[in-house]
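Some notes on the fold follow, point by point. Please read them alongside the model.

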Amino acid sequence: MATNVNDDEYDRVKEVKQFDESKIGVKGLVDSGITTIPRFFVHPPDVLSQLKPGSKIRPDLVIPTIDLSGVDSHLNRSLIVDQIRQACSSFGFFQIINHGVPLGVLDRTIESIKGFHEEPTEIKARFYTRGLGTDVSYISNVDLYNSKAASWRDTLKLRMGPKMADHDQIPEICRNEVIEWDREIKRLGEVLSGLMCEGLGVETTRLKEMTCLEGRTIAGHYYPKCPQPDLTVGTVYHTDADVFTVLQQDNVGGLQVKYGEDWVDVKPVPGALIINVGDLLQIISNEVYKSAEHRVLANSSHEPRVSIAVFFKAGNSDDLCGPLPELISSEKPALYRQFTVTDFMTRFFKKGLDGKSLTNYYKL
């Protein structure tokens, strides 16, 4: 069994390299009929102990669901702003309903991402690359070579802004769908950023003026059934390095958010989208808003789990970033030093998803 190889016989680097160069991803491992996962997917005991059924899970807690109906009316808007402020400063996560993105767009996009991941390996392999800065890439674990253990998922990553990937570079099976999705999410992102700004007591367009809506990357994740879900994870616990994230998940579930010392299941709500605060927004807000640790459990369902995340970050990545001057006072001094987004993202990709937030590095 791959999980019981003697340490003297096990060459992790070699096994990881063989897997990476095969370009089959975890979907290919499942299709090959494996019943035990390769050893480099097995996580250390301190991680696995937190995954045991009932381990620090709070079934009594749910992340807020916020109804955006009537967001343009004064009465409703003030209530929505208050709800978003509370959610961003406590959980760092919330779900939204009546957000204006047509259900048909949601369904078509998630089906197209699923369709890409279920194409033959020889078609997907054309997009398989580890080169940072590429506009389109299919990959299994961006931090495969420097993580303690790999996670049970594959990802299609697409750059949508400031400059969208060339039309012909985007896989044909999902090309029209992700372009339509991006158009809708760009509109929704502007609505959300305005509400978040108002929650901070700053101008509605403040984040937009900082180009925080221009940098957009789509990550289409695919989590096939795992033969040993108690030994690995779908995604290790981490915080997002962006300003904020818009996530669509299917009905399989598995996403969990850390709240205090406990974990909360983010149960799928039909037609809803999940929003979470990123590290950059925690810094920009001078910690009024909090980026929360989250993880995805390895999929034990026979159905694959599919999710689509859109990460919003500054389009002008060489501009200085730090707490907004409007949020700094003698009573609440700046908690972070200034830096460029380029420096921030370089550090993020260098460290990988190690569970440690980058915000501590920039603390004053």
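How many residues lie between β8 and β9 in their hairpin, and which residue in the turn has a positive phi?

1. The hairpin. Two residues separate β8 and β9, and Gly-260 in the turn has a positive phi of about 70 degrees. Helices (H or I, at least four residues) and strands (E, at least two) are DSSP runs, numbered from the N terminus. β8 (residues 255-259) and β9 (residues 262-265) run antiparallel, joined by four bridges. Tyr-259 has Asp-262 in β9 as its bridge partner.

2. Basis. This is a predicted model: local features need pLDDT of at least 70, side-chain atom pairs count only at pLDDT 80 or more, and totals for chains, interfaces and linings use all residues. Residues are numbered from 1 along each chain as its sequence is written, and side-chain values use heavy atoms, with hydrogens and water left out.

3. Two strands pair if DSSP finds at least two bridges between them. Axes here are lines fitted to C-alpha atoms, for helices over the stretch in contact, and angles run from 0 to 180 degrees between N-to-C directions. β8 and β11 (residues 294-297) are antiparallel too, with three bridges. Leu-255 has its bridge partner in β11, namely Val-296.

4. The eight-stranded sheet. A second open sheet runs β1-β2-β10-β7-β12-β5-β4-β3, and its pairing is mixed. Its edge strands are β1 (65-67) and β3 (136-139), and each pairs on one side only. Neighbouring strands are turned by 25 degrees against each other on average, direction ignored. Within this order, β4 (residues 154-161) and β5 (residues 215-223) are antiparallel over seven bridges. Leu-156 stands opposite Gly-220 in β5.

5. Helices on that sheet. α4 packs on the sheet and touches β1, β2 (93-97) and β10 (273-277); its direction makes about 160 degrees with that of β1. Contact means heavy atoms within 4.5 Å. α7 also packs there, touching β2, β4, β5, β7 (244-249), β10 and β12 (305-313). The direction of α7 makes about 130 degrees with that of β7.

6. α7 itself. Does its length agree with its residue count, or disagree? The 26 residues should span 38 Å at 1.5 Å a residue, and the end C-alpha atoms are 37 Å apart, which agrees. The expected span is 1.5 Å times one less than the number of residues. Just after α7, Gly-201 takes a positive phi of about 80 degrees.

7. α4 against α7. Two packed helices are described by the angle between their axes and the distance between the axes. For α4 (residues 74-89) and α7, the axes come within 8 Å and cross at roughly 80 degrees. The two are therefore roughly perpendicular. Angles under 35 degrees count as roughly parallel, over 145 as roughly antiparallel, 65 to 115 as roughly perpendicular and the rest as oblique. Arg-77, Ile-80, Val-81, Ile-84, Arg-85 and Cys-88 in α4 meet Gly-194, Leu-195, Met-196, Glu-198, Gly-199 and Leu-200 in α7. These residues divide into seven nonpolar, two polar and three charged. Here Ala, Val, Leu, Ile, Met, Phe, Trp, Tyr, Cys and Pro count as nonpolar, Asp, Glu, Lys and Arg as charged, and the others, Gly among them, as polar.

8. α5 against α7. α5 (residues 103-117) packs on α7 (residues 175-200) at about 135 degrees, with the axes 9 Å apart. That makes α5 oblique to α7. On the α5 side, the contact involves Val-105, Leu-106, Arg-108, Thr-109, Ser-112 and Ile-113; in α7 they meet Glu-177, Val-178, Glu-180, Trp-181 and Glu-184. The residues of this contact are five nonpolar, two polar and four charged.

9. Backbone points to check. The peptide bond from Gly-161 to Pro-162 is cis, with omega near 5 degrees. Pro-162 lies in the loop between β4 and α7. Lys-23 has a positive phi of about 60 degrees, although it is not a glycine. Lys-23 sits in the loop between α1 (12-22) and α2 (25-31).
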